[in-house]
Amino acid sequence: MASNNRTCFIFDKDDSTKILIQMTYEIPSSTVRRKFNLLRSVDESVSQTIRRLTANIEQAAKKKNRKRDKKQTTNNSPAELEPIVVQLFDSNNQLIDENRPNKQAWLDCRRLVINEQSFNVEYNAPAVIKFRFPEIIMTNAITTAIVDLDYGDREHSLFNWYVADGIKTQETEDMDETTDDTQWIHVHTGPFCIFRDEHVNKFVRLACLPRNSSLREGMQAVHISKTRIIPCPVNLPMNTRHQLTQDYLPIDSNLLRVVSYNILADGYASSTGAREIIYPYCPQDYLEFDYRKPLLFREILGYHADLILLQECDTKLYERDFSSIMNAHGYSGDFKIKSQNVQEGEAIFYRKDRFSPINTHSIRLGEYLRDSPHMEHIRQRSVLVADINTHLLERNTVLQVLALQPQGQSNEVLLICNTHLYYHPRADIVRCFQTVIANEHIKEVKELYEQQVIRISID
């Protein structure tokens, strides 16, 4: 595999009219490595793209030379720039006709040569398309970054975390290396990091090498925090509770430790009027998800639970963070989204060393009431209450049911039931009907298993 500074990356999605070209070019007679991004039409001739790339390289070289000349004290005339020659070669090492359309030319291209620099061409390699640090990075709590990938996945990508006292910026516009590498101290490898007390007031740098399941590599992306690391708050209620749950229960224990937590979906906390009307008692800074998220991870993991049931879990939070973090701490998970229009739902995590998954039996309560023959008697009773069917059918409330097999207990099945009933304080009758619907479904599920069924239900 060619290294990143000698690879040209081409991206062309099937439904796109544009082709993206990414590469890092070393400006001659300097130590500067300039990153170029060209977004061009798939139908224009590759000669036009070459002319644009040539002009961009020449402009960058002239800019660097002007800065270098200003630093020189002698009256030597400015150095002449070497003409830029760009060539594309196919798999037979033959020059590609510059009159061909961009898409076809780059599909056939295997090598890009710019003067003395030769680049392997990678087509639709894994790529980082979104990279963001949280605004708040605190010690002694898990820190994650938002990293979205195309043609790759977080599981196989490589993440390296660094800290530094300050940022010595050399160049900022489209540079591959914007800072002095010698100032950065490597502290961790992995998709998330826990900073310690000695890292307070330092900046953070994260380097992500995107990869896919075949370990094909893309262009490394580097991001630097805009804020410094702060200490984790010390007087937290969780600290007292954690004193009671310092260790996991033994695998063969007859006891279970269950945690249920409504973690407040960010969409609700940041919705219009939420802070003034619903949460006026809470300081706004504490409602910010960048503040809440690391504390949520710290609190939930600190209980060393066997089963963890979450309500109002954001879909992206589960996919980006919870699934990988919990897996690294010995848990497997299951997630049930409310609907495509409501990007949050319920999540269950269980210790892999204590349980094995059997099956999931999750439903949406409204759909189950409407479609299940088993619910005819409930439908007949619900019509006696004005507008209740409308309320029940319109709600996207889900019932998450996960069947687990305790390790070494083949005669037992655990049914883990997790839901979040309609919240409105005046909707007691809706919640009552939702509870009846949920119980009917759980009774149906129990009949599927011959073993002794132990039910754990959480709202």
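Predicted model: local features only at pLDDT ≥ 70, side-chain atom pairs only at ≥ 80, totals over all residues.
Strand S2 covers residues 18-26, and nine bridges join S2 to S3, the two running antiparallel. Ile 21 stands opposite Leu 38 in S3. Glu 26 has Arg 33 in S3 as its bridge partner. As a reminder for those new to this, strands of a sheet pair through backbone hydrogen bonds, and they may do so parallel or antiparallel.

Now the whole chain. Its secondary structure comes to twelve helices and 23 strands. How does the radius of gyration of the protein chain compare with the globule rule? The radius of gyration is 28 Å, whereas the rule gives 23 Å for 459 residues, so the chain is more spread out than a compact globule. The C-alpha trace spans about 90 × 50 × 50 Å along its principal axes.

Tyr 162 and Val 204 are 42 residues apart along the chain, yet their C-alpha atoms are separated by 5.7 Å. What does Tyr 162 touch, leaving out residues up to four places away in sequence? The list is Trp 184, Ile 185, His 186, Val 187, Phe 203, Val 204, Arg 205 and Ala 207.

On to the other sheet I want to show. It is an open sheet of four strands in the order S15-S16-S18-S17, again with mixed pairing. S15 and S17, the latter at 331-339, are the edge strands, each pairing on one side only. Here the twist averages 15 degrees from one strand to the next.

S17 and S18 run antiparallel and are joined by eight bridges, with S18 at residues 342-351. Within that pairing, Phe 335 has Ala 347 in S18 as its bridge partner. Helix H8, residues 315-328, packs on this sheet and touches S16, S17 and S18, and its direction makes about 155 degrees with that of S16. Helix H7 lies across S15, S16 and S17, and runs at about 160 degrees to S15.

Take the second largest pocket, with a volume of about 570 Å³. It is lined by 20 residues, and the closest to its centre are Tyr 261, Tyr 286, Tyr 291, Arg 292 and Leu 295. Which elements supply at least two residues each to this lining? They are helix H3 (237-242), strand S15 (258-262), helix H6 (284-287) and helix H7 (289-302). H7 gives the most, with five residues. By type, the lining divides into 16 nonpolar, one polar and three charged residues.

Then the cavities. The structure holds four of 30 Å³ or more. The second largest cavity has a volume of about 60 Å³. Its lining includes Pro 134, Ile 136, Ile 137, Met 138 and Ile 142, and also Asp 290, Lys 293, Pro 294 and Phe 297. Strand S8 (142-143) and H7 each supply at least two of the lining residues. Which element gives the most to the lining of this cavity? H7 does, with four residues. The lining divides into seven nonpolar, two polar and two charged residues.

To close, follow H7 on the screen. It lies across S15, S16 and S17, gives the most to the lining of the second largest pocket, and gives the most to the lining of the second largest cavity. That is the end of my part.

Terms used:
Residues numbered from 1 in each chain as written. Heavy atoms only, no water. 1 Å grid on protein atoms, 1.4 Å probe; cavity = no way out; pocket = protein on both sides within 12 Å on 5 of 7 lines; lining within 4 Å. Points joined across faces, edges and corners; volume = space filled by probe spheres on them. Nonpolar A, V, L, I, M, F, W, Y, C, P; charged D, E, K, R; others polar. Pairing = 2+ DSSP bridges. Axes fitted to C-alpha atoms, helices over the stretch in contact; angles between N-to-C directions. Contact = heavy atoms within 4.5 Å. Rg over C-alpha atoms; globule rule 2.2 N^0.38 Å.
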